[in-house]
Amino acid sequence: MDNLNLLLDGFANVVSPGNLLVALIGVIAGTAVGVLPGIGPAMTVALLLPITYGMDPTQAFILFAGIYYGGMYGGSTTSILLNTPGESSSVITSIEGNKMAKAGRAAQALATAAIGSFVAGTIATLALVLVTPFVVSFAISLGAPDYFAIMLLAFVAVSATLGSSRVRGFASLLIGLVIGTIGIDAVTGRQRLTLGIPQLADGIDVVVVAVGIFAVGEALWVAAHLRRKAATVVPVGRTWMGAEDWRRSWKPWLRGTALGFPFGALPAGGAEIPTFLSYATEKRLAKRPEEFGNGAIEGVAGPEAANNASAAGTLVPMLAIGLPTTATSAVMLAAFESYGIQPGPLLFERQPTLVWTLIASLFVGNLLLLILNLPLAPAWARLLRVPRPYLYAGILFFASMGAYAVNAQPFDLILLLLLGLLGFGMRRFGLPVLPLIVGVILGPRAELQGRRSLQLSGGDLSGLLGGPVSYVIYAIVLILLTWPLIKHLVRRQSP
C-alpha cells in the first residue's frame with residue numbers, strides 16, 4: 001500500500017505542467033532518434049547528459065525515460081518502412097514488417113507495432129512497480145562479497161553473450177576496465193595509467209566515454225557505410241487496424257510482454273533474445289504459418305511487444321541493484337552518478353520522490369507515445385529523408401559541445417576524438433560496445449567491493465565467498481564460462 005501511495009505521489013509530480021512538458025519533449029526526441037537509422041536512445045541520452053546538468057534531477061530522468069521508450073517505438077518505423085533497423089532489437093520486426101509495407105500494409109504494421117508497444121510498456125511498467133520492491137528487499141540483505149559476485153556475473157554475462165565471439169566480448173570488457181582504472185587509486189593515493197598527464201589524475205569522465213564511444217564512434221561508423229542520398233521510403237497513409245488485425249495481434253502482444261520483461265531484468269538479457277523467441281513462438285503457434293516470411297502481422301506484434309517490455313525490465317536491476325543490462329541503462333546509470341545519486345537498494349529510501357516520479361513518467365510517456373505515433377506516422381517517415389551528411393555533422397557538433405561542457409577543458413575534446421576512433425575501430429573489428437561501457441562504470445565499483453571483502457578477511461581469498469547467494473552466482477559464472485565446452489561434449493555423446 002505504501003508503494004501505491006508513493007506511485008500516486010509520483011503521478012502527481014509528473015502531471016505538473018513543467019514535468020509534463022519535459023516528458024513530451026523526451027518522447028518526441030526519443031521517437032525522432034529511434035526513427036533515424038544508426039541513432040539509438042543510448043547515443044541520444046549520452047549526447048544530452050551534459051545539457052541536463054543544470055536541470056532538476058527528476059526532470060532530467062523524466063526526459064531520459066521518455067527518450068528510452070520513444071527510441072523503442074521509433075525503431076519499428078525504420079524497420080517497417082526502410083528495412084533498416086535503428087536498433088539491434090528491431091531487427092526481427094523488419095523481417096515481417098517490411099514485407100507488409102511492400103504489400104501495401106505499412107499502416108497496419110505501424111499500428112500493431114505502436115499499440116503493441118503501448119500494451120507491453122504499460123503491463124511491463126506495472127510489473128516493474130510490483131517486482132522492484134522485492135528486489136530491493138533482497139539487495140539490502142547482501143554484503144560486499146555478494147555484490148562483488150553480482151558484478152562479476154554482469155561482466156561475464158555481458159561479455160559472453162554479446163558480439164560475434166566471447167573473445168571479442170571479453171576484449172571489449174578489458175578495454176573498459178582499463179579505462180575505468182585511469183586516475184588516482186582511492187586506497188593508496190597513487191596515480192594509475194595517467195602517463196604523467198595532470199588532466200587524467202581524476203580519471204576520464206563517464207560522460208566523455210559514453211559520448212565518444214556511442215555518439216562519435218557510431219556517427220563515424222554509420223556515416224562511413226550508409227548512402228549519402230536520402231532513403232527511399234514506403235509511403236504511409238493513416239495508421240489503422242481492421243477487426244481481423246486486432247484478432248490476430250492481441251495474443252502476440254501479451255505473449256511478447258511475458259517474454260520481454262524477464263529477459264530485460266537479467267544481466268545481458270537485453271531485447272534481442274526475447275524478440276527472436278517471440279518471433280519463433282508466433283511462427284510455431286500461427287494458424288497461417290505460410291504467411292511468415294511474406295508479411296505476417298503476428299511477426300510484428302509479438303517482437304515489438306517483447307522489445308518494449310524488455311525496456312521496462314532493464315530498469316529493475318538498474319534501480320534496485322545499480323546494475324545496467326543494456327547500453328541505454330548503462331548511460332542512465334552514468335547520469336545518476338553525475339548527479340551524485342547512487343542507484344541501488346538505498347535509492348528508494350534516499351530518493352523516493354525521484355524514483356517513483358520516474359516510474360510514473362513511464363506510464364505517462366507510454367500514453368503520450370501512443371497518441372503521437374498513431375496519427376504522426378507519416379510525419380516520422382519524412383525524417384528518414386534527411387540527408388546523411390547533415391545528420392552526422394550535427395551529431396558530431398553536439399557531441400563536441402556536450403563533452404566540452406563537462407569540465408570546460410579542451411583536453412576533453414582530444415579524449416572525445418580518441419574515444420570516438422576507438423569506438424569506430426571496435427565496430428570495424430566486431431567488438432561489442434556494451435561490455436566496454438559496463439567495464440568503465442562497474443569496474444571501479446567491483447574493485448571497491450572486492451577490496452572491502454578482502455579487508456574483512458585479512459587478505460584471504462575466502463573473503464570473496466560470502467553466503468549462499470555468492471555460491472549460486474559463482475556457479476552460474478562457471479556454467480557461462482564452460483558452456484561452449486559442455487555443449488560440445490553433449491553433442492559428441494549424442495548419437
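**Salt bridges and rings**

Mentor: Start with E447, which is partly exposed at a relative accessible area of 27%. Keep in mind that this is a predicted model.
Trainee: Which residue does E447 meet in a salt bridge?
Mentor: R451, at 3.7 Å from N to O. Both lie in helix α19, residues 434-456. They are four residues apart, about one turn of the helix.
Trainee: And which residues join them in a network?
Mentor: D185 and R192. Salt bridges with shared partners link the four.
Trainee: How many salt bridges are there in the whole structure?
Mentor: The search finds eight. One of them pairs R255 with E282, with the closest N and O atoms 2.8 Å apart. R255 is in helix α10 and E282 in helix α11, so the pair ties together parts 27 residues apart in sequence.
Trainee: Is E282 buried or exposed?
Mentor: Buried, with a relative accessible area of 2%. R255 is partly exposed, at 28%.
Trainee: Switching to rings. How many aromatic pairs turn up?
Mentor: Eight. Among them is F61 with F336, a stacked pair. The centres are 4.0 Å apart, with 20° between the planes.
Trainee: Where do F61 and F336 sit?
Mentor: F61 is in helix α4 and F336 in helix α14. That links distant parts of the chain, 275 residues apart. Both residues are buried.
Trainee: Which residues form a cluster with them?
Mentor: F64 and Y339.
Trainee: What lies over the face of F429?
Mentor: R428, at 5.1 Å from the ring centre.

Technical notes
Residues are numbered from 1 along each chain as its sequence is written. This is a predicted model: local features need pLDDT of at least 70, side-chain atom pairs count only at pLDDT 80 or more; totals for chains, interfaces and linings use all residues. Side-chain values use heavy atoms; hydrogens and water are left out. Rings of Phe, Tyr and Trp (its six-membered ring) pair if their centres lie within 6.5 Å; planes under 30 degrees apart count as stacked, over 60 as edge-to-face and the rest as tilted. Helices (H or I, at least four residues) and strands (E, at least two) are DSSP runs, numbered from the N terminus. Buried means under 20% relative accessible area, exposed over 50%, partly exposed in between (1.4 Å probe, protein chains only). A charge sits over a ring if NZ of Lys or CZ of Arg is within 6 Å of the ring centre and within 35 degrees of the ring normal. A salt bridge is a side-chain nitrogen of Lys or Arg within 4 Å of a carboxyl oxygen of Asp or Glu.
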